[in-house]
Amino acid sequence: MSPLNLNREKMPSQEPLVRARNFEEVNLGLSPEQARREAERCLLCKKPTCVTGCPVHINIPHFIQAILENHEDEAVRRIRTDNSLPAICGRVCPQETQCEEACVLNKKGAPVAIGALERYVGDYAIRACVLPDMSRVVSQNKKIAVVGSGPSGLTCAGELVKLGYQVTVFEALHELGGVLAYGIPEFRLPKEMIVRCEIDTLRHMGVEFITNAVIGKLNTVPELLAAGFAAVYVATGAGYPSFMNIPGEDLNYVYSANEFLTRVNLMQAFKGEASATPLVVGKRVAVIGGGNTALDAARSALRLGAEKVFLVYRRSEAEMPGRLEEIHHAQEEGIDFQLLTLPLEYLGKEDGSVRAMRCVRMELGEPDASGRRKPVPIADSEFEFQIDSAVVAIGTQANPIIAQTTPGLQTNPRGYIVANESGETSLPRVYAGGDIVSGAATVILAMGAGRHAAQKIHAALSGEI
Amino acid sequence: MFELLAKRLIAPQVWRFTLRAPGLAAKRQAGHFLILRPTADSERIPLTIVSSDPVAGSVDIIFQVVGATTRALAAIPEGGTIHDVAGPLGHPTHIENYGTAVMIGGGVGIAPLLPIAQAFHAQGNRLLTILGGRSQEFLILEDDLKPVSDSLLIATDDGSRGQKGLVTDVLRTLLEKEKINLVMAIGPVVMMKAVAEMTRPLKIKTMVSLNPLMIDGTGMCGVCRCKVAGKTRFACVEGPEFDAHEVDFDSIRRRLGMFKAEERKRMDAGKVA
Ligand SMILES: Cc1cc2nc3c(=O)[nH]c(=O)nc-3n(C[C@H](O)[C@H](O)[C@H](O)COP(=O)(O)OP(=O)(O)OC[C@H]3O[C@@H](n4cnc5c(N)ncnc54)[C@H](O)[C@@H]3O)c2cc1C
Ligand SMILES: Cc1cc2nc3c(=O)[nH]c(=O)nc-3n(C[C@H](O)[C@H](O)[C@H](O)COP(=O)(O)OP(=O)(O)OC[C@H]3O[C@@H](n4cnc5c(N)ncnc54)[C@H](O)[C@@H]3O)c2cc1C
Ligand code: SF4
Ligand code: SF4
Ligand code: FES
């Protein structure tokens, strides 16, 4: 038996100080040689622990083996049986706490770079135009409506067309992809090359997409059912921004993260004045929060020309919910982490724009309900610093439109739709999943929910239950 | 893509468009708005749905050219297309029979007022309508509002039509001699604020339709947030109509000016091209 190879291939990336000023992708992807070398490190375990670490149980050694055998097309085919958006997941999944954490080689400190390999295969599929073979799909002659085109809706749609259903995805915005399109920035997830291409693959498979369709307003869920859709899958996300309700939050240039990122991504403000939609960033920017959204906003602000970007987070780095890789990338790029710091107030100028923010330092006290140590203010530690803009990234809530317009659809006290593991809601033929059920989570969990719902819908419609 | 069926200039820089949008036409109620993008590169802007024809599958909008997006919209020829139209958005107006209601429209705010006035009239309210504008040529929709109004009063800044002065001057006189149950005011922020201040001491229920900046119109971005009764409210999904006595108008006015300089640059750049 050959000795373990613990030399994990390093993802090539743009130099930190160069990339901090452009919107090109940070990570460049493994070369075919690197991918092969990395694949060789995999032990192709008989009982692969990595698979149990992946929320959708992708058969990881199975696709890695195809890379080893120089059969990229086969690797694509294998990955797609479990995951219809590999180029996206390979880029944004928190691998370090999922598949890679569970990899046996992690005990030795060098898990197989599963995410990077998945991205490699996904990118190959896009570059080589490897399209799924739909020739053996048997039509079910039934229509299904999917509401929302984020990762959950896309996955559900993809699974259902593979099973022979006619699927129509209704999207409120003018662009498809949900958070993949309006939230996660270009430098982490290129829109034109990656997101649109993976969506085009679904279109090729027969999914129909209708944009500018705000369900609940244009048509309600009961109306879709009455119009002949056999089932509806609701995947509308959790995109309703929260604010802290502190003084000065309505000052000009205090943005919600969704507004900031929507302007940057969906409305293309990253192209500067070439974009029709303006964004004022200024020289000094404070971003409040510690998740992926906060990190994305902070790094976008830097790329839009800010000289100094502060990340203001009330707990310590260990509690930051953002992906590890993004935290490291942000630090390398020079984001100034103001940890254990709580904003108290924004201070404004005469003209109504923000000029400064007042904060208090915190220390960690007793564990709270979430098990994390609760931050408590330190007496007399208030301080003020000057800013030109601020981005509030403290989380989101459930959007109320569907719940308000679907009588009988049960929601929990926070407004999220109540659904079981298979996506079944309190209403027959209405399924739900992704962030609108779980609260803000991850791309892969949203995809998993879409897949489970598709299977349940199929089981229900084909009379198995 | 949404076809522009007809366009008509109804006042200087003010257009009335008829768009083909059967889904919206079937659903729209008084108080609804839509969000559109004239071209594939445009900003998203909100405009009130002024009327609809469910049979023809069309809706009408009336807009004033004020910046780059409304200019791009005005440039679309009859028979051309509008890239994106989404709606109907917002809560429809709460319509009931209050008795006597004053309907106040200022400038292009008369456009969103029209469907609301029509709905209040249909519900049996006695309507006293006040229209205001810079001068006679800027007054719109007078002929449409007349049939639903029990009286229609006009104020212009220069006195070229009706009383010389502001809509609030007319309102003050009405308040002195009439028992009024509801006031609905739509127009510039300063006008809505002035109306609110006038009816507040009299405790007359007063509603305004707010027009903050918007992007998605579905509750996702938060740019449309307004302070109402000290709370943060999203005008696109919780409004756009609110109790005027609870609205922080100064905050709304400030926020509307947020991108003025940036918008200007884009407008000027457009002129060069
Ligand atoms: C900035 C940011 C960065 C993130 N980074 C990561 C990351 O690195 N890794 C990771 O795993 N997760 C990340 N996440 C979380 C992840 O993106 C979400 O968990 C995931 O997108 C949820 O998917 P979804 O399909 O449930 O909803 P969404 O992606 O939110 O999609 C919902 C869609 O439904 C549409 N919609 C809403 N209401 C209606 C309606 N009434 N009618 C029609 N359409 C409607 C919306 O417009 C939207 O397009 C990030 C989130 C954000 C905001
Ligand atoms: C719910 C709602 C309904 C509306 N209905 C109508 C309508 O029926 N007819 C109509 O003409 N307009 C209406 N508006 C206003 C309209 O959306 C703006 O005039 C438009 O967005 C301007 O876009 P622009 O790019 O051409 O101008 P910009 O370049 O964005 O702005 C030019 C100037 O107009 C001001 N401005 C920008 N947005 C608004 C706004 N929302 N309200 C007031 N002033 C603004 C700016 O401060 C700036 O000074 C409505 C707004 C809302 C929120
Ligand atoms: S989907 Fe995510 S967790 Fe699963 S194998 Fe891919 S990168 Fe790992
Ligand atoms: S656990 Fe690690 S080594 Fe084993 S199959 Fe999975 S990726 Fe390969
Ligand atoms: S316009 Fe985006 S939340 Fe209202």
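Domain bounds here come from an automatic or database domain assignment. This is a predicted model, in which local features need pLDDT of at least 70 and side-chain atom pairs count only at pLDDT 80 or more, while totals for chains, interfaces and linings use all residues. Residues are numbered from 1 along each chain as its sequence is written, chains are lettered from A in the order in which they are written, and side-chain values use heavy atoms, with hydrogens and water left out.

**View 1. Domains 2 and 3 of chain B.** Chain B is split into domain 1 (2-89), domain 2 (92-208) and domain 3 (210-273). The centres of domains 2 and 3 of chain B, taken over C-alpha atoms, lie 23 Å apart. Their contact (heavy atoms within 4.5 Å) takes 16 residues from domain 2 and 14 residues from domain 3.

**View 2. The buried area between domains 2 and 3 of chain B.** Together the two domains bury about 1200 Å², 63% of it on carbon and sulfur atoms; this is the accessible area (1.4 Å probe) lost on being put together, summed over both. On the domain 2 side, look for Val189(B), Lys193(B) and Val208(B), which supply 46% of the area that this domain buries against domain 3, more than any other three residues.

**View 3. The salt bridge of Lys193(B).** Lys193(B) pairs with Asp250(B), their closest N and O atoms being 3.0 Å apart. The rule (a side-chain nitrogen of Lys or Arg within 4 Å of a carboxyl oxygen of Asp or Glu) finds one salt bridge across this interface of domains 2 and 3 of chain B.
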